[in-house]
Structure formats: structure tokens, C-alpha cells
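Here is a friendly briefing to read alongside the model. Keep the viewer open as you go.

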Amino acid sequence: MSDISSTIQTGLLENLPELRATMEENHRQFEALNAQAEGLFAKGNLNASAVYALLAAWIAAHSHCGLFASARLERLLTSIGRKAQGDEGSPGRNADRPERFERVLHVASDVRNLGGLANMLRRWIESDPSRTHSLAITHQSGLVLEGLTEAVANAGGEIIYVNREADGIIGSARALRRAALKNDVIVLHTANSDVIPNIAFAQPDLFPPVFFLNHSDHMFWLGSAISHIVGSMRQAALDIATQRRGIAPERSILVPILATPPSRSQERAKAKEKLGLAADEILMISVARAQKFRTLEGLTYADVHVPLLQDRPNARLVVVGGGARPDWDAASAQVGGRIQSLEPQDPKPWFEAADIYVDSFPFCSATSMMEAASYSIPCVSRFLWPDAARISGMDHPGLAGPLLEGRTNAEYLGLIRPLIDAADKRAQSGTAIMQSVIASNATPGWNRYMEAAMAAVMSLPPVEPGHVYGSLLSDVPNMGEPDVRLQSLYGFSPPFTDLLRGHLTLLPLGQRLRAWRRVYRAGGFKNAGIAFKHLAPEWAIRRIKDR
């Protein structure tokens, strides 16, 4: 085990040539899709061009190719938007701003699941009662979740499903433009490859200013050319925004994750009793989905904690949301079954019972850690990579500082041992991180960041897309840190047939039929019913399902 862990702890990438070869192939595929999108644009097929631009962005986001943004792709989407521009715009609309933004239009891609992004969107609306908040959704499948619907209604706003409009992506962009003109400022919470906002706001001086929430800061995304302000949630993201995304420094601002402090329903001892744990047992928990506990170099998340639990027989580690992990069984057996991984469930009872929170690895989980901090639980994380890969670690406001972070596995375990041994150290560390998170990540502290961002939006002139992709943004891929690290940790390359199948319904009829035949010949449909469904346009499917 020590040989394996030493490889990880040095931060070396022993498979660097293989990683770079994969990234180069990803970049070739990205460029090929870009070229296809440009060819379709030249023929006047705007909808098909937009879809292939979306596919290119999806590849860059999920199969890292050394880019965080693309001047070439942003330029194409600006061209599509300007060519498709109808009479929705009003010259000078952006320059003629009110003294205070009163009406906010939030734009999201899909909020079917009440995860971290949807939760922050709801909390944002609830934390800003002095303004009217509406929500436009570009690729919603089904209806918006009840909690978010209620928040928008209470804020005096409306929900607009722009993908119910005919004429594909261009129709959706026009619907988004119409919605935007009823508001004072636009906040984008959109997915990395969502092309609709870029097309809708291709002429920023005609529309309310755009505030882009950089919620996916370790991945490629679209939006640099239309964003008046980019709000990043941590320092590493601010650096990448200015250095790799073409964002001017004055347009890059810090906006932390917004959390809602939970209310404790029971004391720790009572919570432990209900979970069947002894009062004097030290409970360590981690809360995240299974994908965040990936095995690296043969070393599982459970393996790392074995020496600690062997030394401390009064401690237990429970991972909430990790699901069945048969590869952890051997490690757990070495410590008498005191390592458990549970199916996804309400984590509140576990937060209330926990003595120590240990971060997921290799994917950190800032939102879960903030929730733990809100219960005054001391928090410990690992960052085993070079400083240049800081985007893969924790430096979020509220957490940075009070967070205990190990730079090796041994140092990480060394930070946990004193917490297990001393209740006063746990109390001191837990109080410090709780106070820090409340100050930065909860109302009213968080509102200071939000209002500063709004003030910056109001003070700056409209962004000029040509300036962004003309002088600030480079399309030259980087094959060093942090890019190779991101490919190692997050990158995956699904068959292109699967990606194409997932977007067939967005294509105009002629292109849809050609692409459908390609997917069919590759055996990409499970049955005839699914194959038939993919012949219909997206807007028609959504209207039918809504009924």
C-alpha cells in the first residue's frame, strides 16, 4: 500500500504521455465539430450549426482538451446570434440602466434535481427579497421542482420554459431574448455547453447586462464573450477566469457559494443513539455521491483510513451517498467493519451525530463541507497535487483558513488524530469553521458579495465580444498543469454515438434524419420505441410531456 500511496502523494502523473495523447485526441474531435458547425453556418443552417457547436463544447467540458474557453467557438456563436437577431432587441437597452437593479432574470439549463446548483439558485432568490426574481430554463425536461417554483412565486417572478418554442435552438434564443428585455439584469447558472445564452445575447449592448455564475470552475464553459461580470466561487477560479477564459480582471469578481445554515433538531449524543452508535464513539463522516470517491493507483478511499482506525479503535468512518463499495470490504475488515458506505439518503441525522467531517477524494465536495461546518463540525481535506492544480482542491471563502488540509496522506491522517483524541480541539476547530462559513456563505454576509457584484455590473460598460475573443482569449491548448490533472481526475470519453443520440431532437429535420440513421446503424437505440421517439423535435416532446 505504501508504494501505491507514495505515487499519489508526490503528485506525479506516471501516465502523463497517455493523458496528453488522450487530450490531443479530445482536441482533434473538438476542432472537427467546430469545423462542422462553421460549415453549417456558412450554408445558412443556423440551428444545425448551433447544435454542433453545443457538441463541440460538450466534448471540451467533459473530455478535457487543454482549454477552459474557446475564442473560435465564442466567435461562431456570436455570428449565429447576430444573423438570427430579430426585432427583440432595443438599441441602447444595456446603456440605459436603472439606478438599481430591481428585476432579475435567472437562466438555468435544467433543474430537474435539487442538487447544489439548484439549491443555490433557490437560496439566492430567497436571500434577496428586495428584488423580483424570474427564471428562464433553456433545456428543461419536465417541470421545475416545487421548492424552486415556490421561491420564484414568492419573489413575484415567473418561470419561462424557452425550449417549448418551435424552431429549435434559434427559437429558444429568441424566447430568452424576449424574457430578458422585461428585466434589469441576467444571471446565468447555465450548463457548460449551453449555447442558447451566447446566441441570445450576441449583441450585449442591446440587452440587460449578464452576470455569469462560475459554478463549474474546473471545466470548459461557454459565455466569456457575453458576460459583463463573471462571479467565481474561489480564488483558483478567479485566476483561471482571467488567465484562461479571456475575462478582463475588472470583470472577474468573487461570489462565494451560498449556503443555508441548518437548524439542529437534536444534540449529538441523541443523534448517535438513534443511529445505534455508542456515545463515546468518534464518528467521522463524508457526504458525497459515489463518483467522488474514485480509486487512484489502486488505493481506495477506505485504504487510506485503515492506519488511522487501527490506531484509534474508538473511531468509525461512514460515507453517506457512496453506495455499495465491494472494493472497500477488505479495508473495512481490517478495522472490524468500522468503515461503511451507505446508499444516498438524507444526511441530516449523520451531520447531527458527526464529530469530524472528512472530505471526499479525489473529488472534493465544498457544499457538503459547508453544511458540516454549519453544524460546528471540524473539517479535514486532502490536496495531494502541485500548487498549479489548486483548482482541484479547496480554497473557497468560508472554508479556506479554518479548514485543516493535508498535503500528503500521512499529514492528512496526522490532522485527524488530535481531533479524535481531544474534544476541546474538535470544539475549537468546529467553532472556527462554523463562524467563517456563516460570515461568507450565509445571509447577510453573502449578500455583501452579491451586491458588490451587482454594483460592478452597473458600473461597467457593455462587454465587447470581439475584444474577448480577439485579444484576451487563446485557443492554444495547454498540456501541462492543471489541465492534465483535470483530465486524470475528471475526464471521460463516451462514444460519440451516445453524445449524438442525446442531442438528436435539437437538430432540424434534415440533419436529424441523417444523424438518426448514423446512430441507428451504430446500434445506438435500445429498442424501436426509443428510436422512434428521437425522430421528434425537442419542443414537441416537451409540450406533449407537459400535458
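Predicted model: local features only at pLDDT ≥ 70, side-chain atom pairs only at ≥ 80, totals over all residues.

Residues are numbered from 1 along each chain as its sequence is written, and side-chain values use heavy atoms, with hydrogens and water left out. Helices (H or I, at least four residues) and strands (E, at least two) are DSSP runs, numbered from the N terminus.

**The sheet**

- Seven strands make up an open sheet with parallel pairing, in the order S3-S2-S1-S4-S5-S6-S7; two strands pair if DSSP finds at least two bridges between them.
- S3 and strand S7 (252-254) are the edge strands, each pairing on one side only.
- From one strand to the next, the twist averages 25 degrees.
- Strand S2 (residues 132-137) is joined to S3 in the parallel sense over three bridges, and Ala-136 stands opposite Ile-160 in S3.
- Helix H6 (residues 146-154) packs on the sheet, where it touches S2 and S3, and its direction makes about 140 degrees with that of S2.
- H7 also packs on the sheet, touching S1, S2, S3 and S4, and its direction makes about 160 degrees with that of S1.
- For these angles, axes are lines fitted to C-alpha atoms, for helices over the stretch in contact, and angles run from 0 to 180 degrees between N-to-C directions; contact means heavy atoms within 4.5 Å.

**Strand S4 and its partners**

- Strand S4 (residues 185-188) is covered on both faces: Val-185 and Val-187 are buried on one side, and Ile-186 and Leu-188 are buried on the other. Buried means under 20% relative accessible area, exposed over 50%, and partly exposed in between (1.4 Å probe, protein chains only).
- Strand S1 (residues 103-108) pairs with S4 in the parallel sense over four bridges, and the bridge partner of His-106 in S4 is Val-187.
- Strand S5 (residues 210-214) pairs with S4 in the parallel sense over three bridges, and there the bridge partner of Val-187 is Phe-211.

**Helix H16**

- The 19 residues of helix H16 (residues 423-441) should span 27 Å at 1.5 Å a residue, and the end C-alpha atoms are 26 Å apart, which agrees. The expected span is 1.5 Å times one less than the number of residues.
- The buried residues of H16 are Arg-426, Ser-429, Gly-430, Ile-433, Ser-436, Val-437, Ser-440 and Asn-441.
- Seen down the axis of H16, these buried residues fall within an arc of 135 degrees, so they line one face of the helix; the arc is that of the directions from the helix axis to the C-beta atoms.
- Exposed residues Asp-424 and Gln-428 sit on the face of H16 turned away from its buried side.

**Salt bridges**

- The structure holds 26 salt bridges, each being a side-chain nitrogen of Lys or Arg within 4 Å of a carboxyl oxygen of Asp or Glu.
- Glu-165 and Arg-178 meet through their side chains in a salt bridge (3.7 Å, N to O). Glu-165 is in the loop between strand S3 (159-161) and helix H7 (168-180), and Arg-178 is in helix H7, 13 residues apart.
- Glu-165 is partly exposed at a relative accessible area of 31%, and Arg-178 is partly exposed at 40%.
- Arg-234 forms a salt bridge with Asp-395, with the closest N and O atoms 3.9 Å apart. Arg-234 lies in the loop between strand S6 (229-232) and helix H9 (235-244) and Asp-395 in the loop between strand S12 (379-382) and strand S13 (404-406), so the pair ties together parts 161 residues apart in sequence.
- Arg-234 and Asp-395 are both buried.
- Within helix H13 (residues 348-353), Lys-348 and Glu-352 lie four residues apart, about one turn of the helix, and their side chains meet in a salt bridge (3.4 Å, N to O).
- Lys-348 is partly exposed, with a relative accessible area of 24%, whereas Glu-352 is buried at 1%.
- A network of salt bridges links Glu-31, Glu-38 and Arg-72.

**His-64**

- His-64 sits in the loop between helix H3 (46-62) and helix H4 (71-84) and is buried, with a relative accessible area of 4%.
- Leaving aside neighbours within four places in sequence, His-64 is in contact with Met-23, Asn-26, Ile-59, Asp-483, Leu-486 and Gln-487.
- His-64 and Arg-426 are 39 Å apart in space, C-alpha to C-alpha, and 362 residues apart in sequence.
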